[in-house]
Amino acid sequence: MSVTGVAAAVFAGSAACLVVGRDRGQRRARAVLAGDGETGPEGSAWRRVKVRVGGRGRQEWWALAGGAAVALLGESLVPLALGAAGVPLIRRVRRGRDARLDRERRATAVIALCGALAGEVRAGRQPGEALRAAAAEAEPGPVAGAGAGLGEGRAGVLAAARFGGDVPGALEEAAREPGAQGLAGLAACWRVAVDRGAGLAAGLERLEGALRAERDQRADLRAQLAGARSTAVMLAGLPVLGLLMGSALGAAPLRVLLHTGAGLGCLAVGGALEGAGVWWALRIVRGAEER
């Protein structure tokens, strides 16, 4: 089979994978919508389907499809190989982004939990009953409720609150999840209130304020670094713009890059330098965010 035939087959297969994955998600959503998807167990299923359909992207397969398209234009398998190599890299980036969003949602849910728990305590409820009431809306979904900050440790925390167990210990166990570190402060407030008779509501309100200020500080820093990240991405796209301009001028840059020894050497060296530059720039941005 010729290079053009191989690239065309891979391009068609990539497009089919994208379309089939999207249609499968749509069929799953329609199947859930066919029943009562708003209340009861079906409501939970519908929320899980919405997360699955909306959050489980297949963006990484566009790299293979793009590589196949360039392979068709340049009549070479090199872009196809590069596109295939980019699939796991893009998947890793996507998973890292999803993990960061999950951490942020969990941190926001912890703040909401502290505020809701403080309100329940000030309303006159006992701490255990107040914790159960505040965590009652902990339904996993794209919009985290107050109790979703408990994460996978929710069952243990609620069991400890219901049956008089070690609630601070359960909270500290739940605080090990990424983004839920604020639960360690909640555990400290709970322990001080129980052991020393201090006001739990006042401590929770101070904790909520501190966590909210920390979250706002991170958001402000991320907004300040957005320009640097956008600049790095824009600079990474300049070689593609150069290729398009060369093609518009009739220089046939793809033929030079993909079918000559000097072009392949320039492609290898330029690709390595491009990847190293993007990695270094994003590493600087991530380091500033972490600090």
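## The nonpolar cores

The largest nonpolar core of this predicted model has 30 residues. A nonpolar core is a set of buried Ala, Val, Leu, Ile, Met, Phe, Trp, Tyr and Cys residues joined through side-chain atoms within 4.5 Å. Buried means under 20% relative accessible area, exposed means over 50%, and partly exposed lies in between (1.4 Å probe, protein chains only). Leu 117, Leu 183 and Leu 186 have the most contacts inside the largest core. At least two residues of this core come from each of helix 4 (78-122), helix 5 (127-134), helix 6 (154-163), helix 7 (167-174), helix 8 (182-196) and helix 9. Helix 4 gives the most, with 7 residues. Helices here are DSSP runs (H or I, at least four residues), numbered from the N terminus.

Leu 186 is in contact (heavy atoms within 4.5 Å) with Leu 113, Leu 117, Leu 171, Leu 204 and Leu 207, leaving aside its neighbours within four places in sequence. A second, separate core has 5 residues, including Leu 64, Ala 68, Ala 71 and Val 87. In soluble globular proteins, nonpolar side chains tend to be buried together.

## One face of helix 5

In helix 5 the buried residues are Gly 128, Ala 130, Leu 131 and Ala 134. Seen down the axis of helix 5, these buried residues fall within an arc of 165 degrees, so they line one face of the helix. The arc is taken from the directions from the helix axis to the C-beta atoms.

## A network of salt bridges

The whole structure has 16 salt bridges. A salt bridge is a side-chain nitrogen of Lys or Arg within 4 Å of a carboxyl oxygen of Asp or Glu. Side chains of opposite charge can pair when their charged atoms come close. One of the salt bridges is between the side chains of Arg 94 and Glu 60 (3.0 Å, N to O). This pair links distant parts of the chain, 34 residues apart: Arg 94 is in helix 4, and Glu 60 is in the loop between helix 2 and helix 3. Glu 60 is buried, with a relative accessible area of 3%, and Arg 94 also counts as buried, at 12% relative accessibility. Not counting residues up to four places away in sequence, Glu 60 touches Val 87, Ile 90, Arg 91 and Arg 94.

Arg 94 also meets Asp 98 in a salt bridge (3.7 Å, N to O). Both residues lie in helix 4, 4 residues apart, about one turn of the helix. Asp 98 has a salt bridge with Arg 97 as well (3.6 Å, N to O). Arg 97 is partly exposed, with a relative accessible area of 36%. Salt bridges that share partners join Glu 60, Arg 91, Arg 94, Arg 97 and Asp 98 into one network.

## A nonpolar patch on the surface

Met 234, Leu 235, Leu 238, Val 240, Leu 241, Leu 244 and Met 245 form a nonpolar patch on the surface, with about 700 Å² of accessible area together. Patches are made of residues with over 30% relative accessible area and no salt bridge; like charges are joined within 9 Å, and nonpolar side chains (Val, Leu, Ile, Met, Phe, Trp, Tyr) within 5 Å. Accessible areas come from the Shrake-Rupley method with a 1.4 Å probe, and for residues only the protein chains shown count as cover.

Helix 9 (200-236) and helix 10 (238-248) each supply at least two residues of the patch. Helix 10 gives the most, with 5 residues. Leu 238 lies in helix 10 and is partly exposed, with a relative accessible area of 43%.

## Basis of the values

Residues are numbered from 1 along each chain as its sequence is written, and side-chain values use heavy atoms, with hydrogens and water left out. In this predicted model, local features need pLDDT of at least 70 and side-chain atom pairs count only at pLDDT 80 or more, while totals for chains, interfaces and linings use all residues.
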